[in-house]
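This short report goes from the whole chain down to one of its residues. Please keep the sequence and the structure in view while reading.

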Amino acid sequence: MPSKKALVRRPSPRLAEGLVTHIEREQVDAKLAVEQWEAYVEALRTHGWETVEVDPADDCPDSVFVEDTVVMYNNVALITRPGAESRRDETAGVEEAVARLGCSVNWIWEPGTLDGGDVLKVGDTIYVGRGGRTNAAGVQQVRAAFEPLGARVVAVPVHKVLHLKSAVTALPDGTVIGHIPNVDRPSLFPGFLAVPEEAGAHVVLLGGSTLLMADSAPESKELLADLGHEVVTVDISEFEKLEGCVTCLSVRLRGLYA
């Protein structure tokens with residue numbers, strides 16, 4: 001059986017200082033953000049996920065976005081080298097967490113940069129967004145780490161949003177979904193479904209046909225429900241102010257060895 005563990009990390013008290021790149025800065029309510037994070041974690045647990053809390057990194061404002069620090073493929077953890085230098089101290093605690101779980105640990109090395117939010121896995125195909133936070137050397141190192149294990153790595157240009165998974169994610173059947181204005185090259189994905197809202201492009205696969213998404217995309221929720229998916233929604237408004245979405249608040253570990 002696939003494992004259902006999810007790494008999560010409590011928001012830093014300095015969350016409001018987090019980076020913003022493609023949107024205007026808004027005031028973040030740190031107390032509300034913690035409440036929203038707790039509800040997000042509870043949604044994972046309710047749907048059968050064992051959450052593993054990474055040690056907090058209170059001096060790192062963006063550390064709640066734990067997905068950016070590691071990429072998983074089966075039992076192999078690739079510790080990233082974030083494109084924003086201010087985020088590189090976030091990786092140490094995540095490395096310790098995945099090592100405790102028995103993962104084989106690898107690293108992105110200088111001059112490579114890689115944010116986990118730039119990596120979308122669809123079966124054995126790994127799409128890597130080449131853009132502001134992930135460079136060509138980072139893409140090459142993902143290939144070196146995962147192609148010998150049977151993965152196919154496809155580089156995708158990303159210029160309109162922060163990360164690849166800010167633009168696209170995938171449904172359980174492998175269909176890639178995205179909001180057209182944010183997607184550089186929809187034709188790179190064999191199956192593509194346009195959704196009507198930016199936040200509608202972001203789903204976490206909870207198991208079976210159940211999806212987790214933000215409640216800020218009601219039209220997309222209706223579309224996906226009409227296609228036969230059970231859609232669970234959470235309010236992540238404070239994280240959306242920092243270009244966050246439902247995918248970047250956890251790392252789902254489905255391929256751990258029993």
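## The chain as a whole

In the protein chain, 67% of the contacts with a separation of 6 or more are between residues 24 or more positions apart. The model in view is a predicted one, and its protein chain has six helices and 15 strands. With a radius of gyration of 17 Å, close to the 18 Å that the globule rule gives for 258 residues, the chain is as compact as a globular protein of that length. Along the principal axes, the C-alpha atoms of the protein chain fill a box of roughly 40 × 40 × 40 Å.

Further values for the protein chain are collected here.

| Property of the protein chain | Value |
|---|---|
| Buried residues | 55% of the 258 residues |
| Accessible surface | about 10,900 Å² |
| Carbon and sulfur atoms | 50% of the accessible surface |
| Distance between the mean positions of the positive and negative charges | 5 Å |

Where in the chain is the place of Ser250? Ser250 lies in the loop between α6, which covers residues 237-240, and β15, which covers residues 251-253. Is Ser250 buried or exposed? Its relative accessibility is 0%, and because buried means under 20%, Ser250 counts as buried.

Leaving aside residues up to four places away in sequence, Ser250 touches Leu7, Val8, Tyr40, Leu44, Val66 and Glu67.

Conventions:
Residues are numbered from 1 along each chain as its sequence is written. This is a predicted model: local features need pLDDT of at least 70, side-chain atom pairs count only at pLDDT 80 or more; totals for chains, interfaces and linings use all residues. Side-chain values use heavy atoms; hydrogens and water are left out. Helices (H or I, at least four residues) and strands (E, at least two) are DSSP runs, numbered from the N terminus. The radius of gyration is taken over C-alpha atoms; the globule rule is 2.2 Å times the number of residues to the power 0.38. Buried means under 20% relative accessible area, exposed over 50%, partly exposed in between (1.4 Å probe, protein chains only). Contact means heavy atoms within 4.5 Å. Accessible areas come from the Shrake-Rupley method with a 1.4 Å probe; for residues, only the protein chains shown count as cover. Lys and Arg count as positive and Asp and Glu as negative; His and the chain ends are not counted. The place of a charge is taken as NZ of Lys, CZ of Arg, CG of Asp or CD of Glu.
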